[in-house]
Amino acid sequence: MAWVQLIVGGALIVIGLLIMCAGVIGVYRFHYVLNRMHASAMVDSMGILFAILGLAVLSGFQFGTLKLVLIVVFFWLAGPVSSHMICKLEVLVNEDLEKECEVPEDGRI
């Protein structure tokens, strides 16, 4: 049983790391800040989920596992909000936004 736990936990951690590596490649590949934010925000939720699920499987189902699940919940609540606020700041501050992306006529953000 311990071998199955080790294999499943290790596989989940590796999947999480591969997803995070794909996000790093996306961040370095894109040139505009909003594209970079999109690549990082979409990947960190899934990467953190798989990595922490792998840690939860490796540690066994105990009180520490509850803490790991709460970390995932915190990241899922805080990550999109912080990404949205950073992107909104970029839209409000960037004077040459029309060069990088499409802006609606009515000026809504």
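Predicted model: local features only at pLDDT ≥ 70, side-chain atom pairs only at ≥ 80, totals over all residues.
How many helices and how many strands are there in the chain?

View 1. The chain contains four helices and zero strands. Followed along the sequence, these elements give the pattern α-α-α-α.

**View 2. Overall dimensions of the chain.** The C-alpha trace spans about 60 × 25 × 15 Å along its principal axes. The radius of gyration of the chain is 18 Å, whereas a compact globule of 109 residues would have a value near 13 Å. Of the contacts between residues at least 6 apart in sequence, 68% join residues at least 24 apart.

**View 3. Surface and charge.** The accessible surface of the chain amounts to about 8100 Å², and carbon and sulfur atoms account for 72% of this area. Buried residues form 24% of the 109 residues. The chain carries 6 positive and 9 negative side chains, with the centres of the two sets 11 Å apart.

**View 4. The largest nonpolar core.** Six residues make up this core: Ile48, Leu49, Ile52, Ala56, Leu68 and Val72. At least two residues of the core come from each of helix 2 (33-59) and helix 3 (63-93). Helix 2 gives the most, with four residues.

**View 5. The surroundings of Leu68.** Leu68 is one of the residues of the largest nonpolar core. Which residues is Leu68 in contact with, leaving aside its neighbours within four places in sequence? With those neighbours set aside, the contacts of Leu68 are Ile52, Leu55, Ala56 and Ser59. Among them, Ile52 and Ala56 also belong to the core.

Key: Residues numbered from 1 in each chain as written. Heavy atoms only, no water. Rg over C-alpha atoms; globule rule 2.2 N^0.38 Å. Buried < 20%, exposed > 50% of the residue type's maximum accessible area, 1.4 Å probe, protein only. Contact = heavy atoms within 4.5 Å. Areas by Shrake-Rupley, 256 points an atom, 1.4 Å probe, with all protein chains shown as cover. Lys, Arg positive; Asp, Glu negative; His and termini not counted. Charge placed at Lys NZ, Arg CZ, Asp CG, Glu CD. Core = buried A, V, L, I, M, F, W, Y, C linked by side-chain atoms within 4.5 Å.
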